[in-house]
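Trainee: Pick one part of this model and take me through it closely. Give me the cut-offs as you go.

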Amino acid sequence: MALRNIFVEGEDILRKKAREVKEITPRILTLLDDMKDTMEAEQGVGIAAPQVGVSKRICLVAPDEDTFIEMINPVFLEKDGKQVSMEGCLSVPNKVGEVERPERVKVKYMDRDGKEIVREFVEFEAVVVCHEMDHLEGVLYSDKATNLQSLDEE
Ligand code: CO
């Protein structure tokens, strides 16, 4: 188990378009494992590779206790509907804000075995997937939030 440092708003890497993964190497598998450990240690519901300083198109989503998905080179196939919910981000500490997202998305991605998967996500799962995929484009939720609020620190 290895934890990686979380990069926070202001770091250039969070604003870059992440690069496609060409080959699933042992380094990529280690990155996936480290991202999971880091996400869990930080009690996040998702994490994207740029957040740990790696500009690659990889993200993890864990919207509930029973769901954990690793996505390599994810692309949207469909987006439908609208929902608004409160979001936060490990890379934008101590803030929350409301963001409008699609209600349902269909995404194609590769798993760690290189298998192509197509899966639909609805409600909160769709929020997490869209949030993490935005990181791969260099977009933070705080760019889209209508009422970004600072949480009190005590
Ligand atoms: Co985030």
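Mentor: Two strands pair if DSSP finds at least two bridges between them. Strands are DSSP runs of E with at least two residues, helices are runs of H or I with at least four, and both are numbered from the N terminus. This is a predicted model, where local features need pLDDT of at least 70 and side-chain atom pairs pLDDT 80 or more, while totals for chains, interfaces and linings use all residues. Residues count from 1 along each chain as its sequence is written, and side-chain values use heavy atoms, without hydrogens or water.

Start with strand S4, residues 83–89. S4 pairs with S5, residues 92–101, in the antiparallel sense over six bridges. Two residues separate the strands, and S4 and S5 form a hairpin. Gln83 has Arg101 of S5 as its bridge partner. Gln83 also lies on the covered face of S4, with Ser85, Glu87 and Cys89. Val84, Met86 and Gly88 make up the uncovered face.

Now the largest nonpolar core, with 16 residues. Such a core is a set of buried Ala, Val, Leu, Ile, Met, Phe, Trp, Tyr and Cys residues joined through side-chain atoms within 4.5 Å. Buried means under 20% relative accessible area, exposed over 50%, partly exposed in between (1.4 Å probe, protein chains only). Among the residues with the most contacts inside this core are Met71, Phe121 and Val129. Strands S2, S3 and S6 and helix H2 each give two or more residues. H2 gives the largest share, five. Met71 touches Cys59, Val107, Phe121 and Val129, among others, by contact (heavy atoms within 4.5 Å).

Methods
Lists of a residue's contacts leave out its neighbours within four places in sequence.
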